[in-house]
Amino acid sequence: MFAKYPDYEIVNLDLLTYAGNLENLKDVESNKNYKFIKGDIADKELVNDLVKDVDAIVNFAAESHVDRSILDSSDFIRTNVVGTHNLLEAAKNNGLKRFHHISTDEVFGHLDPNDPAFNESTPYAPRSPYSASKAASDHLVRAYFHTFGLPITISNCSNNFGPFQFPEKLHGLFITNLIEDKKVPVYGDGLQVRDWLYVEDHCEAIDLILRKGKIGETYCVGGNSEKTNMEIVKKILELLGKGEEMIEYVKDRPGHDRRYAIDFSKIKSELGWESRTSFDEGMKKTVEWHKANVDWWREIKSGAYLEYYNKQYGE
Ligand code: DAU
């Protein structure tokens, strides 16, 4: 955002829980238009105070990892539901010009192989505690538009990948495990399908929606890149020069969603957005970034992260 709009003033409110990391924003920390505040969106007073000085809220804050929501979903309700509600209340009480809510395609449930992709009118049918909490927050955001006229927009994106992603998600976990010569845990048969969206393409879509999106509307943002998990694993193995003996098939995720896919024709026709990074290019960039930033993820893959990893996959 600063590269494109140097005059914007951005306040970053983040509780710095397990996935928050100040290292990720080193590049901007000395920018005079940037302010970091360590705090919780579930803290009503703090949020209300901060919002007095802002024009727009972009709500990226969420507990986002499905496997963690299976182990314990309390934080998901607190941050995703209660936190979003606090932000909405603060936006309403302070007459904000815009509230943009970042959401996920998981609120729509999952698809069979031949089903048409999700779009903005797909009924909500979440199947994990995580996606149920995001669905609840989306409903609240829409309710504040209809009931109070709050100027909202929502985007529902497919699976993101790229630099700085916490290494519990498929790409980061598998790339870093392989660089460390560890096996990669594939859930079930590995034939689940996700629609992979390179993170910078997603950010471009959010910027466009903020500037040109229609108030009260939802936009589905997808990567036009449906792949099975096995295709992802094989691509990573190829890019790192490793063999398939590094794959370990493990117990499937409970309630594992089979397929997600996004029909992004609305944002394409209304706002002219389309993802720009091809699958091969995105995969290459992501693997290269992890090879060049070993210190960043080594630091993360120790300490509290290790505790979670061992709980999830055994010592
Ligand atoms: O669709 C958007 C969603 O994508 C976001 O809303 C979520 O916040 C985000 O976590 C992601 O959800 P997934 O569950 O699809 O992502 P994850 O990276 O956890 O898993 C991707 C696929 O890879 C999924 O089918 C499970 C599988 N998987 C994942 C891990 C971590 C494995 O086979 N082994 C693993 O160790």
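For two helices, the axes are lines fitted to C-alpha atoms over the stretch in contact, and the angle between them runs from 0 to 180 degrees between N-to-C directions. The model examined here is predicted.

**Exercise 1.** Determine how helices H5 and H9 are oriented to each other, and state which residues meet.

*Solution.* 
Step 1. Helix H5 covers residues 170-179 and helix H9 covers residues 279-292; they pack at an angle of about 50°, and their axes are 10 Å apart.
Step 2. Angles under 35 degrees count as roughly parallel and those of 65 to 115 as roughly perpendicular. H5 and H9 are therefore oblique to each other.
Step 3. The crossing of H5 past H9 is right-handed.
Step 4. From H5, the residues His171, Gly172, Ile175, Thr176 and Ile179 meet Met283, Thr286, Val287, His290 and Lys291 of H9. This contact comprises four nonpolar, five polar and one charged residue.

**Exercise 2.** Describe helix H4 and what covers its buried residues.

*Solution.* 
Step 1. H4 (residues 129-148) has 20 residues and spans 28 Å from first to last C-alpha, close to the 28 Å expected.
Step 2. Its buried residues include Tyr130, Ala135, Asp138 and Val141.
Step 3. Among the elements covering the buried residues of H4 are helices H2 and H3 and strands E4 and E5.
Step 4. After H4 comes Gly149, with a positive phi near 70°.

Key. Residues are numbered from 1 along each chain as its sequence is written. This is a predicted model: local features need pLDDT of at least 70, side-chain atom pairs count only at pLDDT 80 or more; totals for chains, interfaces and linings use all residues. Side-chain values use heavy atoms; hydrogens and water are left out. Helices (H or I, at least four residues) and strands (E, at least two) are DSSP runs, numbered from the N terminus. Angles under 35 degrees count as roughly parallel, over 145 as roughly antiparallel, 65 to 115 as roughly perpendicular and the rest as oblique. A crossing is left-handed if the near helix is turned anticlockwise from the far one by less than a right angle, and right-handed if clockwise. Contact means heavy atoms within 4.5 Å. Ala, Val, Leu, Ile, Met, Phe, Trp, Tyr, Cys and Pro count as nonpolar, Asp, Glu, Lys and Arg as charged, and the others, Gly among them, as polar. The expected span of a helix is 1.5 Å times one less than its number of residues. Buried means under 20% relative accessible area, exposed over 50%, partly exposed in between (1.4 Å probe, protein chains only).
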